[in-house]
Amino acid sequence: MLEVADVSKRFGTLEVLRGVSLSVAPGEVVVVIGPSGSGKTTLLRCINLLEDYERGTVTVDGDPIGYRLDRRAGQRVRMSEREIAAARENVGMVFQSFNLFPHMNALQNVMAAPVRVKGIPRARAEARARELLTMVGLSDKVAEYPVRLSGGQQQRVAIARALAMDPKIMLFDEVTSALDPELVGEVLAAMQQLARAGMTMVVVTHEMSFARDIADRIVFMDDGLVVEQGKPDQLLFSPATDRVRAFLKRYNDRYRI
Amino acid sequence: MPFDLHFIARLIPALIEGAEVTVELAILTFAICLVWGLIVALANSTRGPLSWFAGAYVQIVRNTPLLIQMYIVYFGFSMAGFGLSGFASGLLALCIQNGGYVAEIYRGGLQAVSTRQYEAGRALGMRRWTLYTVVIIPQVVARIVPPMTNQAISITKDTSQVAAIAVMDMMKVAQVWVESSANTYDVFLGVAIIYLVLTSVASVAGKLFERRLAFAQ
Ligand SMILES: Nc1ncnc2c1ncn2[C@@H]1O[C@H](COP(=O)(O)OP(=O)(O)OP(=O)(O)O)[C@@H](O)[C@H]1O
Ligand SMILES: [Mg+2]
């Protein structure tokens with residue numbers, strides 16, 4: 001479903017991704033963990049080209065997003081803005097900071113892109129938006145503006161907004177990190193539900209127990225590289241590399257009560 | 001003698017005639033600046049020499065007195081051999097200066113929209129036109145209404161300076177009446193009240209517009 005092939009990205013002289021490859025099967029939930037600064041956010045942003053990158057390619061369901069290989073020249077060429085925008089419709093993204101549109105209520109936030117990007121008739125888009133908001137438990141908040149919603153509610157609207165485009169894959173970047181602890185659960189529950197419904201997902205998170213619950217596979221990144229990946233229990237309880245072991249030890253020390 | 005009712009009865013129609021010129025100047029200036037200021041702001045947001053010119057323009061017009069700009073335009077054109085009317089010179093000078101202020105308002109409004117809003121729109125597959133019309137511009141408009149209202153009020157008062165280049169606006173009418181009578185106080189009080197009425201209209205219109213667009217409460 002998602003093929004990330006040898007992606008490299010630098011900010012100035014800082015190499016943030018150093019040849020990352022990752023493939024995600026349809027319906028699979030891949031959780032990405034790793035220390036702060038290891039490049040997790042940058043990887044997600046490269047997937048839908050919110051960041052340009054110097055090397056590598058990404059395809060979704062076989063279709064390139066961002067760069068296309070020109071076989072004759074044997075080179076990567078950047079796709080046109082129109083092609084990139086069309087490719088992004090297949091990739092839903094949920095941000096740590098929600099990023100809802102403040103001038104639209106919950107319903108309008110969810111409907112905007114289906115109507116204005118895909119040209120879906122209003123009535124149909126609205127029905128679908130209500131359905132999605134109900135699914136994330138917000139049927140009573142459709143007319144509310146973002147400032148009147150709690151962080152957890154805003155993040156669930158953001159999930160519904162991304163789903164409204166019927167993406168083939170969803171990317172989540174630490175979507176609960178900005179939330180008060182008591183609001184984390186409702187967002188994770190919405191993601192669980194989505195995973196069970198068979199959505200293909202790439203989830204960056206620091207919530208290890210959630211990672212263990214939801215993941216089909218956990219990928220550990222450090223210093224711009226995928227260091228190790230495997231089934232949740234294997235990676236979390238009998239990791240093969242010292243780097244994962246050290247990371248988990250730091251994590252456990254911090255959260256042990 | 002102040003508050004001479006017979007005098008006031010003759011004064012008011014004359015002032016209102018002058019006020020028509022004032023209103024005309026204010027509305028034209030504001031309308032032109034809404035467009036011209038946007039052009040300057042967009043030029044300012046590019047990279048390269050265009051933004052350098054726009055930046056210099058804004059600095060120069062904001063940091064010199066309007067009255068001097070008005071003289072430079074009025075006498076400059078007449079020295080160059082094709083004299084502009086006082087009204088046209090006044091309008092031009094008002095637009096030159098206020099265009100700089102309005103450009104800064106636009107710039108502030110654009111900068112206040114976080115890059116995350118652009119990214120959220122792009123991640124949903126929006127292209128430039130959709131992104132701007134659906135996501136960015138509505139937020140910019142809502143943010144700039146209050147400072148634009150202030151600017152409209154400021155422009156209304158600024159128009160009084162065209163009196164210096166012999167335009168028969170309300171201020172000039174008042175000066176003529178003061179010179180030909182001893183009733184200085186009634187004249188200027190009347191002028192103040194009419195300016196207050198005009199600026200209040202701008203203020204109320206701005207507030208109504210603001211309320212229509214308010215989303216963040
Ligand atoms: N726009 C940018 N300009 C310069 N450097 C950046 C930029 N964005 C990220 N970086 C740097 O790239 C590196 C990787 O950042 P990234 O945000 O991808 O890490 P992360 O794994 O998501 O970390 P965290 O767990 O803290 O979110 C960091 O060293 C960061 O400082
Ligand atoms: Mg991050």
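Predicted model: local features only at pLDDT ≥ 70, side-chain atom pairs only at ≥ 80, totals over all residues.
Reader: Is the crossing of α2(B) and α4(B) left-handed or right-handed?
Author: Residues are numbered from 1 along each chain as its sequence is written, and chains are lettered from A and ligands numbered from 1 in the order in which they are written. A crossing is left-handed if the near helix is turned anticlockwise from the far one by less than a right angle, and right-handed if clockwise. The crossing of α2(B) and α4(B) is left-handed.

Reader: At what angle do helix α2 and helix α4 of chain B pack?
Author: The helices, residues 49-62 and 86-112, are DSSP runs (H or I, at least four residues; strands are E, at least two), numbered from the N terminus. Axes are lines fitted to C-alpha atoms, for helices over the stretch in contact, with angles from 0 to 180 degrees between N-to-C directions. The two are therefore oblique to each other (under 35 degrees is roughly parallel, over 145 roughly antiparallel, 65 to 115 roughly perpendicular, the rest oblique). Their axes are 8 Å apart, and the packing angle is about 120°.

Reader: How many nonpolar residues are in the contact of α2(B) with α4(B)?
Author: Contact means heavy atoms within 4.5 Å, and among the residues that meet are B:Tyr57 and B:Val61 in α2(B) and B:Ile96 and B:Tyr101 in α4(B). Ala, Val, Leu, Ile, Met, Phe, Trp, Tyr, Cys and Pro count as nonpolar, Asp, Glu, Lys and Arg as charged, and the others, Gly among them, as polar. With three polar and two charged residues set aside, the nonpolar ones number seven.

Reader: What area is buried between chain B and chain A?
Author: Here 20 residues of chain B touch 28 of chain A. Buried area is the accessible area (1.4 Å probe) that two parts lose on being put together, summed over both. Carbon and sulfur atoms give 65% of the total, which is about 2000 Å².

Reader: Which residue of chain A forms a salt bridge with B:Glu119?
Author: A salt bridge is a side-chain nitrogen of Lys or Arg within 4 Å of a carboxyl oxygen of Asp or Glu, and the count between the chains is one. The closest N and O atoms are 2.7 Å apart, and the partner of B:Glu119 is A:Arg45.

Definitions and conventions: Heavy atoms only, no water.
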